[in-house]
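Here is a short report on one protein chain. Look over the sequence and the fold before reading on.

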Amino acid sequence: MKNLVAEAIKARTKTYSPYSNFAVGAAILVKDGTIIHGVNIENASYGLSNCAERSALFSTYSSGYKKEDIVAMAIVADTKKPVSPCGACRQVINELVEKDTPIYLANLKGEIKQVKIADLLPYSFDELENNE
Ligand code: THU
């Protein structure tokens, strides 16, 4: 857990967030031991900005991994309490990460909160599983 949070802290240094100056890092551990980083990447047209969580997940899938390969995910920001993913990221995590995969929410003070996606997004909309 601490190692993956440390990786998210390393990832965070690669943020491109000149508009908010709010740096977020994410790290995803996959079964073969690879760790994939993600950062928030902003845009002058603010709405096009991408969060660290989604960057990490899209990189993971772009590298050929699928949800069953993901062992754990860590997210970190300089927040009072462990960082709380936005609603859009919760929906994307719900789609791309298995239901029981541990998600570590962290801050730079060393606080870590372990959750799973159902804690973040209860009663989720899930096209593939709920609506058959
Ligand atoms: N952000 C993330 O990357 N992840 C979160 O969990 C919260 C918000 C980004 C989006 C934007 O670049 C900046 O933080 C401020 O909202």
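Where is the place of Tyr123? Tyr123 sits in the loop between H4 and helix H5 (127-130). Its phi is near 50°, a positive value in a residue other than glycine. Most residues other than glycine have a negative phi. At 87% relative accessibility, Tyr123 counts as exposed. The model is a predicted one.

**Overall build**

The chain holds five helices and five strands. Read from the N terminus, the elements follow the order α-β-β-α-β-α-β-β-α-α. The radius of gyration is 14 Å, close to the 14 Å that the globule rule gives for 132 residues, so the chain is as compact as a globular protein of that length. The C-alpha trace spans about 45 × 35 × 30 Å along its principal axes.

Of the 132 residues, 43% are buried. Among contacts in the chain with a separation of 6 or more, 61% come from residues 24 or more positions apart. The accessible surface of the chain is about 7200 Å², and carbon and sulfur atoms account for 54% of that surface. As for charge, the chain carries 15 positive and 16 negative side chains. The centres of these two sets are 9 Å apart.

**The nonpolar cores**

The largest nonpolar core has 23 residues. Ile28, Leu57, Ile75, Ile93 and Ile103 touch the most other members. Two or more residues of this core come from each of strand E1 (24-30), helix H2 (52-62), strand E3 (70-77), helix H3 (87-96), strand E4 (103-107) and helix H4 (117-120). Another core lies apart from this one and has nine residues, among them Leu4, Ala27, Tyr104 and Ala106.

Which residues does Ile103 contact, leaving aside its neighbours within four places in sequence? The list is Met73, Ile75, Ile93, Lys113, Gln114, Val115, Lys116, Ile117 and Leu120.

**Helices H2 and H3**

In H2 the buried residues are Ala52, Glu53, Arg54, Ser55, Ala56, Leu57 and Thr60. They pack against E1, strand E2 (35-39), E3 and H3. Just after H2 comes Gly64, with a positive phi of about 100°.

Phe58 also belongs to helix H2. Beyond residues up to four places away in sequence, Phe58 touches Asn50, Val92 and Leu96. Its C-alpha atom is 10.0 Å from that of Ile36, 22 residues apart along the chain.

H3 buries Cys89, Arg90, Val92, Ile93, Asn94 and Leu96. These buried residues pack against H2, E3, E4 and H4.

Leu105 is part of strand E4. With a relative accessible area of 4%, Leu105 is buried. Setting aside neighbours within four places in sequence, Leu105 contacts Ile75, Pro82, Val83, Pro85, Glu111, Ile112, Lys113, Val115 and Leu120.

Val115 lies in strand E5 (residues 112-115). Val115 is buried too, with a relative accessible area of 9%. Residues up to four places away aside, Val115 touches Thr101, Pro102, Ile103, Leu105 and Leu120.

| Pair | Apart in sequence | C-alpha to C-alpha |
|---|---|---|
| Leu105 and Val76 | 29 residues | 6.2 Å |
| Val115 and Leu105 | ten residues | 7.6 Å |
| Phe58 and Ile36 | 22 residues | 10.0 Å |

**Another positive phi**

Which phi does Asn21 have? The value is positive, about 55°, although Asn21 is not a glycine. Asn21 is in the loop between helix H1 (2-12) and E1. Why does Asn21 count as exposed? Its relative accessibility is 66%, and exposed means over 50%, so Asn21 falls in that class.

Definitions and conventions: Residues numbered from 1 in each chain as written. Predicted model: local features only at pLDDT ≥ 70, side-chain atom pairs only at ≥ 80, totals over all residues. Heavy atoms only, no water. Helix = DSSP H or I, 4+ residues; strand = E, 2+ residues; numbered from the N terminus. Rg over C-alpha atoms; globule rule 2.2 N^0.38 Å. Buried < 20%, exposed > 50% of the residue type's maximum accessible area, 1.4 Å probe, protein only. Contact = heavy atoms within 4.5 Å. Areas by Shrake-Rupley, 256 points an atom, 1.4 Å probe, with all protein chains shown as cover. Lys, Arg positive; Asp, Glu negative; His and termini not counted. Charge placed at Lys NZ, Arg CZ, Asp CG, Glu CD. Core = buried A, V, L, I, M, F, W, Y, C linked by side-chain atoms within 4.5 Å.
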